[in-house]
Amino acid sequence: PITMLIEYRLIQCLAIGHIILGISFPFLGQIDVVNELLIAGMFPNQTLSADTAAQASYLITLFGPTVASWGILLLLLINTFIKAPSLYLWRGMIAAVLVWYIGDTSYSGSHGATGAIILNSVVALLLLIPLWRLRQLINK
């Protein structure tokens, strides 16, 4: 139905955003201002030595291709779900979001990364609300 188009397009946009951001991360990490912001977000209220900051920068930018691959997988899953809605795919997408959200947000919280908690919560809601509404497409 046309009413589900908005939910579908929102999830597609989030997936494409992950792909673009993930591919961009290694390049963005080379820009000093961006690199400093990423390190500050990942290591709040901590002063890192130059060696530790360089290692953190490497790990953060290395994470970019992983984010891009998640975006590709999400795009494939949502497109497949729209073509042939199934409870199996729907549950898989919900489970993937919840596993990521609970694990990442708990770990971020235990390290005082408030920015990560906020970002995770916004992204999780932007995925879970449309996914919840798309369940109506499943023929039971």
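Predicted model: local features only at pLDDT ≥ 70, side-chain atom pairs only at ≥ 80, totals over all residues.
Let's start with Tyr 8, which sits in helix 1.

- Tyr 8 has a relative accessible area of 13%, so with the cut-off for buried set at under 20%, Tyr 8 counts as buried.
- Leaving out residues up to four places away in sequence, Tyr 8 touches Ile 78, Asn 79, Ile 82 and Leu 134.
- Between Tyr 8 and Ile 20 there are 18 Å in space, C-alpha to C-alpha, and the two are 12 residues apart in sequence.

**The nonpolar cores**
- The largest nonpolar core is made of 22 residues, and Ile 11, Ile 78, Phe 81, Leu 127, Leu 131 and Leu 134 have the most contacts inside it.
- Helix 1 (5-28), helix 3 (50-83), helix 4 (87-110) and helix 5 each give this core at least two residues.
- Another core, of five residues, lies apart from it; Phe 25, Ile 39, Ala 56 and Ile 60 are among its members.
- Ile 78 is worth a look in the viewer: not counting residues up to four places away in sequence, Ile 78 touches Tyr 8, Ile 11, Gln 12, Met 93, Leu 131 and Leu 134.

- Is Asn 120 buried or exposed? Asn 120 is buried, because its relative accessible area is 8%.
- Setting aside neighbours within four places in sequence, Asn 120 is in contact with Trp 100, Tyr 101, Asp 104, Thr 105 and Ser 108.

Note on methods:
Residues numbered from 1 in each chain as written. Heavy atoms only, no water. Buried < 20%, exposed > 50% of the residue type's maximum accessible area, 1.4 Å probe, protein only. Contact = heavy atoms within 4.5 Å. Core = buried A, V, L, I, M, F, W, Y, C linked by side-chain atoms within 4.5 Å. Helix = DSSP H or I, 4+ residues; strand = E, 2+ residues; numbered from the N terminus.
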